[in-house]
Amino acid sequence: SDCPGVKKLRAACTPQIRQADVARACGVSPQAVSCWLLGISKPEEAHMRTLKDLLGIPLRDWTAKEKG
């Protein structure tokens with residue numbers, strides 16, 4: 001199941017904040033962000049920090065296990 005960070009990133013990727021914008025802010029490809037959104041991979045810690053600053057997603061949300 002998806003960690004809370006994935007769910008929050010999905011919720012943040014709206015028409016106003018596109019995957020390409022997130023990718024540009026993190027210095028990665030849109031494909032990398034797509035992999036994060038699909039739960040295929042997780043952002044590196046430096047990218048997690050950028051996502052925290054950009055979207056308010058706490059670092060712990062990338063390592064937390066889904067409850068339930």
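The model is predicted, so to speak of local features takes pLDDT of at least 70 and side-chain atom pairs count only at pLDDT 80 or more, while totals for chains, interfaces and linings use all residues. Residues are numbered from 1 along each chain as its sequence is written, and side-chain values use heavy atoms, leaving out hydrogens and water.

**Exercise 1.** Find out whether His47 is buried or exposed, and what its side chain reaches.

*Solution.* Start with the location: His47 belongs to helix α4, residues 45–55 (helices are DSSP runs of H or I, at least four residues, numbered from the N terminus). Next, its relative accessible area is 13%, so His47 is buried (under 20%; exposed is over 50%, partly exposed in between, with a 1.4 Å probe and protein chains only). Finally, its side chain reaches the backbone oxygen of Cys26 at 3.3 Å.

**Exercise 2.** Work out on which side of α1 the buried residues lie.

*Solution.* First list them: in α1 (residues 4–12), Gly5, Val6, Leu9 and Ala12 are buried. They cover an arc of only 125° around the axis, so they lie on the same side of α1 (the arc is taken from the directions from helix axis to C-beta atoms).

Conventions:
Helix = DSSP H or I, 4+ residues; strand = E, 2+ residues; numbered from the N terminus. Polar contact = N/O pair within 3.5 Å; in protein donor to acceptor, adjacent residues only side chain to side chain.
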